[in-house]
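The following exercises are to be worked with the sequence and the model side by side. Each task is followed by a solution in steps.

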Amino acid sequence: MNDYDLPKYDRVRSWIRIASEHGWDWEAITCMNQKDMDGLKQELQGKIIREFWPPEMTVEDWLQLVDSEKEAQKSKLELSFRNDSAFLTDKAAHNGVTVPTDPNSSWVLYKKHLKNSGFNEDSISQIETATLEILGRLTKEMPDGKSVKGMVVGHVQSGKTANMAALMAMAADWGWNMFIVLSGTIENLRKQTQNRLFNDLHRDGNIQWTGLEHLSLKSSLGQRVQDLNFSDIHKRYFSVCLKNPKRLEHLIRWMQADLNKLRQMKVIVIDDESDQGGINTAKKKADRSRINKLIVNLVEGKNPKGNDIGARPMAMNYIGYTATPYANFLNESLPESLYPRNFIRTLQPSNEYFGPKQIFGVEGTEDSDGLDILRTVDEANLEQMRDLHKGEVNELPDSLVDSLIWFLCAASAMRLNGYKKPISMLVHTSQMQQHHQRVAEAIGKWLEDARKEGRLLTSCREVWERETVRFSAQSFKTQFKSYPLAVKDYPSFNEIKTGIMHLVSEISHIPMNEDNHLDYHEGIHLCIDNCSNNGVNEENMVVRLAYPDPGSPNYPETAPAFIVVGGSTLSRGLTIEGLVSSFFLRASIQADSLMQMGRWFGYRRGYELYPRIWMTNSTKEKFRFLAELEHELRDDLKRYMVAGEDPSQYGPRIKNSPKATWLRITAPNKMKNVTAAEMDFSGTNIQTVVFSEEKEILKHNIEVTETFLQSLGEGNPSRTKESIIWRNVSFESIKKGLLINQYQFHARASVFNQMEAFCEWYEKSSVEAGYKEWNILAAGVKAENANGLLWEIPGGAVGKVNRTRLESHSNSLDKSVSIGVLRAPKDLYEDIEGPIDPSELIRANNDSIRKAREEAGLGSTPLLILYRINKDSKPSERKTSKSVETAAVKSRRAPLGVEEDIIGMSIWVPGVKSKTFVKTLTVKINREDIDVEDEAGDMNDY
């Protein structure tokens, strides 16, 4: 038996991989594109002679090697699926690029820079893999004149710029020579991106990087297109350009000023925040909005007016980067648009990333609880904030005072722990500049008064002790189980009180010294970040946020501290460093805008315990919805990747999500190609986690569920004897007996509250989808382990389940109780006949469950699971060394506390790999839930 992993087979395995990357299917690879066995034998002998394959290799060896590589690629795909990344591509051949290994290559030097900047090996490996996959789909020449268009979907504040720089570095090594980064609509953010990219890429190596700025026909000597040398194998050029009509017109004219130079360009256009600025928002389908039209002209090789100029770059590639791709998918998909018809790649942040899933939780998953770092701004505080905005008072609401005190405590503790980078607080209550000024003045006044009156340390001690008990190091470990780093516990208050007094010893904007350099002090730098505060004020201070250059020789010895008050510039693009305290009241009704406002997402290495966020309950609910929306979007992308779909087939699937409709996905004028009532429920994997607390509703649901089960006759014990199962049940009986006008779902039970739409879709699509009759499961625990808490049903008895109240998600106003998670993943295996590998149950995820069900012949069988939750359910005890930590760990969960048992429901509808089933349906929209003003009384931008 040969060992096919031996180095002597490296050439053979490499040939197989390259053939696969260039679009050969496995049948063609197996026969080496020969018609018969004789042809295969001849071709194999030729490879042995010409390409120095092992001379003793037989046809059988060849077939074994092909099977081995096929399995390896399948495993890699499955790993990618589990790792929350996906890559959808068209059928174009891979261009053959590989990872550069020359020590002086731009890529290797950039990898060293990432490592020196604190990126761990796993993160760098993920960046390398994603970069290579993206680069492999770009074009270095355009014989057909068609540009490549793709999209990269990242996460908010997750190192997207690092991924863009990685692509530029690796592409530079492979000969692409002109890089254009389209960056937002705010000049100081553009400048920030230009400087960062140059600092990231400019190294002594094979590639010489030149940054070009404000390109136009009037560019200075050395910046004109005719001055550049695109044929020099060592020179690479990049420019960061605002998505501004005049800037884009000047850029296009600059590129086309010398057609010979244009033909030498191998261009990659990187559209940062591609869902902003460049989306077509014109009212008429025949028209294009101005910025979108200019970007399309840039990519399609036309002049600013849209006319052909008779010349194209040697290569043109457009890649949209965004963390919120809803507008990109919903806008348009015409050939001349910017729709990512060639590829879509999702980026996976490392498990050190604090994202919406970690902070807000995703109901129905193991991450349902989220981190206990959210604090509530109640209606009384909101009213005080409105009065402050109006100038009627100059006092801070209590919740803003708490967030301010927490910032002082956290900054002092981080300094004590040796943290050297900037430490920040974000105050984002309005987009109006006069409000920013009033809020900043009130913050400065409160700090000065508290210090002078001697009450500051007393207030700080109270907040510190309350917060450090509520969210302890043990809480963090319990709530963020996958976090890979050691977390340092809080110091005592006595250790940080001196540092607090240092912080309030000086409160000012950022001083400018005699040499016109920013001069940072040990106190608090109070910044107002909006466009009215550009430049230096009369007191020779910079009012806007400006962090010190970490490479500067006069970088402050003590971590500089910043309180940043602002609006639009804090909503998107600007990185807030060392963010530990956020006071946030801007409640946009657009999903993409709201998600981009989340400056608190990101990496918190070295201060994991310190972030806190103050917001209203309404805003919390919106962010929890967004966390779920993002989770499902990525899961769908992975499913379509496994199915082998290309992006042009994927687009319609995401046009609408069967979720709550009180939050718009994106602005209406960005959804040019969407039908608001289209849904596709294939692949639905849902569970009820929000229930009414009303006794009569709970009793009603028990009665209708038991009546329904009686109508099915006696069920049979499941595989583990923990459940009762009924097989081959018609959807019609489920619909009439339970789903429509029977069981009463809570209004916040997403998908379930649109059950009529779901049923209509299923009846119209089930035959085409190939769905079989349903299996129904009454799930629970074994009767002997249920402590007498049994649910008697036809066919036997199952033990009631224990599910507790998630306090932060329950709501007394609408009499709802949220449990976070209902279904145990193992229950999706219960209708499988035969034994299941225990390790399979431990690692159960959507992918492994789908695979197991398909292998058991249930790949087209929908599953309905019913649970009876014990009304007296209580949190399980967690014993730790400190009683206060026990209290902190338990604080997220409370007894269920309802008067009747709760019937919970889970529905699993298999995904369909070959196509989508989108039908025109009626979507219920509650108009009263849509606000047109933000929470502090300011109009939202649409």
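A residue is called buried under 20% relative accessible area, exposed over 50% and partly exposed in between, with a 1.4 Å probe and protein chains only. The model is predicted: local features need pLDDT of at least 70, side-chain atom pairs count only at pLDDT 80 or more, and totals for chains, interfaces and linings use all residues. Residues are numbered from 1 along each chain as its sequence is written, and side-chain values use heavy atoms, with hydrogens and water left out.

**Exercise 1. An aromatic pair**

Task: Determine whether Tyr 610 is buried or exposed, and state what kind of aromatic pair Tyr 490 and Tyr 610 form.

Solution. 
Step 1. Tyr 610 has 1% relative accessibility and therefore counts as buried. Tyr 490, at 12%, also counts as buried.
Step 2. Rings of Phe, Tyr and Trp (its six-membered ring) pair if their centres lie within 6.5 Å; planes under 30 degrees apart are stacked, over 60 edge-to-face, and the rest tilted. By this rule there are 40 aromatic pairs. For Tyr 490 and Tyr 610, the centres are 5.5 Å apart and the planes stand at 90°, an edge-to-face arrangement.
Step 3. Helices (H or I, at least four residues) and strands (E, at least two) are DSSP runs, numbered from the N terminus. Tyr 490 belongs to the loop between helix H18 (473–479) and helix H19 (493–503), and Tyr 610 to the loop between strand E18 (602–603) and strand E19 (612–615), so the pair ties together parts 120 residues apart in sequence.

**Exercise 2. The parallel sheet and strand E14**

Task: Give the strand order of the open sheet of seven strands, and describe how E14 is placed in terms of burial.

Solution. 
Step 1. Two strands pair if DSSP finds at least two bridges between them. The order is E10-E19-E17-E11-E16-E14-E12, with parallel pairing. Strand E10 (374–376) and strand E12 (507–508) are at the edges with a single partner strand each, so one side of each has no neighbour in the sheet.
Step 2. Strand E14 (residues 524–529) is joined to strand E16 (residues 561–566) by six bridges. Ile 524 is opposite Ala 561 in E16, and His 525 has Phe 562 as its bridge partner there. Towards E12, two bridges are found, and His 525 is the bridge partner of Ser 508.
Step 3. Six of the six residues of E14 are buried. In a regular strand, side chains alternate between the two faces of the sheet. Ile 524, Leu 526 and Ile 528 point one way, and His 525, Cys 527 and Asp 529 the other.

**Exercise 3. The nonpolar cores**

Task: State how many residues the largest nonpolar core has, and which helix gives the most to this core.

Solution. 
Step 1. A nonpolar core is a set of buried Ala, Val, Leu, Ile, Met, Phe, Trp, Tyr and Cys residues joined through side-chain atoms within 4.5 Å. The largest has 91 residues; Phe 407, Leu 408, Ile 563 and Tyr 610 are among those with the most contacts inside it.
Step 2. Helix H15 (residues 398–416) gives the most to this core, twelve residues.
Step 3. Contact means heavy atoms within 4.5 Å. Not counting residues up to four places away in sequence, Leu 408 touches residues including Leu 447, Ile 500 and Ile 524.
Step 4. A second, separate core has 63 residues, including Ile 734, Leu 777, Ile 793 and Ile 902.
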